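My entries follow in the order in which I made them.

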Amino acid sequence: MSKQILSPLPGTFYRKPSPDEPPFVADGGPVAVGDTIGLVEVMKTFHEVKAEISGTNARFAVENEEPVMAGALLVELD
Amino acid sequence: MELAGKSLFIANRGEIAVRVNRAAKALGLKVIQGHSQADTEMLAVKLADETVDLGPPAATKSYLDVEKVVAAARDAGADAVHPGYGFLSENARFANAVEAAGMIFVGPSGDTIARMGDKVAAREAAIAAGVPVAPGSKGIVASIDEARSVTREIGYPVMIKASAGGGGRGIRIAENDADLARLIPQAQTEAAAAFGDGSLYLERMVTDARHVEVQIMGDGTRAVHLFERECSLQRRRQKVWEEAPSAVLSDAARAHVCAASIRLAEAVGYRGAGTLEFLYEPARDAFYFMEMNTRIQVEHPVTEMITGVDLVQEMIRIAFGAPLSLDQSALRINGHSIEVRVNAEDPSNNFMPFPGVVGAIQVPDDVRFDTMLYEGYAVPPFYDSLLGKLIVHGADRADALEKLRAALGDMKLEGLKTTLPLFRALANEPKVIAGEANTAFLESWLETAEIEAA
């Protein structure tokens, strides 16, 4: 049974802290509770998305800089 | 100037796209509205004669993509392009690309945009035109003695700034000669360590600063001013409340800063609507030029309300080649106007953005509300949070404040959290009522103010 992290807000999803840096979470990587897994930009302000669950083998459902709705699936974990 | 049958491409969104649409329609122009894929339902799209898809929601892939916007306007057969504010409005490359594609850019030339967008070049142009700038050292200050000779000229307090610094880093404030002797060596050492360059310069600090800006309009040869606005109520350098005229200027101070602004506009051959922003220091009755904005501004309606001039129509007419239709001697200040920016933010929760679906809208009859909203509209989360601007006009400032309080009491925007409760509190705040709020006021007031939940 996979575990899911959903977007708390509507906006633009970013997997990296800035364009030149590596992603917060690598594809297939582990996630611990409290880790920042990405940013959601809503109306020009940035909100960190923190993991409330832990898991491994991160599979992102949303590309970097893609629009998301509130409640949209961001990443699945094992 | 016959504009009927010509077409205008609007390269913007939100309330300013609606504002430009109405001005263009009043002039008989056909309106072509560019929009991102997140903006297909926006009001300006519904009001347009034609619409063009500019691409994905992210502004960098739509509204900010110079090549895409120019191609969209050209392919739609537009005669002219209005950039609104923000996005590409002060992008010299965009202005040049619009003209290179055979269209009119509604604004100044690319050269003027580039020159006024460069802080150093703009300051030099200001000084050359006799526009007052913040006093400071002519260049680098190498020693304590040299710094003292500068402060004997400009007075205290002064800011000691690192040439290689930026964003407020490494700034020290000296109140007197003793401070200067102690702080200069510290600042030099720190700047050398932090930036690899210990060069310092001095600038006099502006105390109790008020944000005062002058609206100008030019046709490339002649320019007029349309008096000033005051925008001292700011949060994180964003204006939230604007007025015209300023609550603090004497007639002499107003005449002085407005005349200086025209000199700069005419010196650079300014075409279209522009604004010179100043800090005003009441204790010295002195102005310091900060920057020039080479576009229509968010807060332009307060100027329209006190002068009766439609600034957006005028800038479009000028862009199409008409001479300035305004005479300085015929321009007068009539009463007082206040604008508040209604943002989709929750002031009771640290101004958290709140995109959502608009429910019932109730706007009082005797106010102006420049807005992008209609009932049932889903505010997209991808752009800034400005929903609309509530604008009132009164016989004088006290009357305008009274009308604002009444309007805020009657106004309802259901389904959204907005900054309306912030303005209900501010309109009853004694410092605001007395016209005593400086640019630092709002942020310190917010630390203790109680704002009801939206």
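**Entry 1: conventions and cis bonds**

I started with Pro157(B), which lies in the loop between α7 (144–154) and β6 (158–162) of chain B. Helices (H or I, at least four residues) and strands (E, at least two) are DSSP runs, numbered from the N terminus. The model is predicted, so local features need pLDDT of at least 70 and side-chain atom pairs count only at pLDDT 80 or more, while totals for chains, interfaces and linings use all residues. Residues are numbered from 1 along each chain as its sequence is written, chains are lettered from A and ligands numbered from 1 in the order in which they are written, and side-chain values use heavy atoms, with hydrogens and water left out.

The peptide bond from Tyr156(B) to Pro157(B) is cis, with omega near -5°. I found another cis bond between Ala244(B) and Pro245(B), with omega about -5°. Pro245(B) sits in the loop between β11 (238–244) and α9 (251–267) of chain B. I noted these bonds because most peptide bonds are trans.

**Entry 2: positive phi**

Which residues other than glycine did I list with a positive phi? Arg236(B) has phi near 50°, and Asp208(B) has phi of about 55°. Arg236(B) is in the loop between β10 (223–235) and β11 of chain B. Asp208(B) is in the loop between β8 (200–204) and β9 (210–219) of chain B.

I then checked accessibility, where buried means under 20% relative accessible area, exposed over 50% and partly exposed in between (1.4 Å probe, protein chains only). Arg236(B) is exposed at 58%, and Asp208(B) is partly exposed at 39%.

**Entry 3: Met217(B)**

Is Met217(B) buried or exposed? Its relative accessibility is 0%, so Met217(B) counts as buried. Met217(B) belongs to strand β9 of chain B.

I listed its contacts (heavy atoms within 4.5 Å), leaving out residues up to four places away in sequence. Among them are Arg222(B), Leu226(B), Gly272(B), Leu311(B), Glu314(B), Met315(B), Ile318(B) and Leu324(B). Ile318(B) is 101 residues from Met217(B) in sequence, with 9.3 Å between the C-alpha atoms.

**Entry 4: chain B as a whole**

Chain B has 15 helices and 20 strands. Its C-alpha trace spans about 65 × 50 × 45 Å along the principal axes.

Of the 454 residues in chain B, 56% are buried. For contacts in chain B with a separation of 6 or more, 65% are between residues 24 or more positions apart.

**Entry 5: enclosed elements**

Why did I mark helix α10 (residues 300–307) of chain B as largely enclosed by the rest of the structure? Seven of its eight residues are buried. The buried residues include His300(B), Val302(B), Glu304(B) and Ile306(B). Just after α10(B), Gly308(B) takes a positive phi of about 75°.

In strand β14 (residues 336–343) of chain B, eight of the eight residues are buried, so the rest of the structure largely encloses it. His336(B), Ile338(B), Val340(B) and Val342(B) point one way from β14(B), and Ser337(B), Glu339(B), Arg341(B) and Asn343(B) point the other way.

I looked up the partners of β14(B), where two strands pair if DSSP finds at least two bridges between them. β14(B) pairs with β11(B) in the antiparallel sense over four bridges, and Glu243(B) has Ile338(B) as its bridge partner. β14(B) also pairs with strand β19 (residues 386–394) of chain B, antiparallel over eight bridges. Val342(B) stands opposite Gly388(B) in β19(B).

**Entry 6: two further pairings**

Strand β1 (residues 7–10) of chain B is covered on both faces, with Ser7(B) and Phe9(B) buried on one side and Leu8(B) and Ile10(B) on the other. Four bridges join β1(B) to strand β2 (residues 30–36) of chain B in parallel, and Phe9(B) is partnered with Ile32(B).

In chain A, three strands form an open antiparallel sheet in the order β1-β7-β5. β1 (3–6) and β5 (59–60) of chain A are at the edges with a single partner strand each, so one side of each has no neighbour in the sheet.
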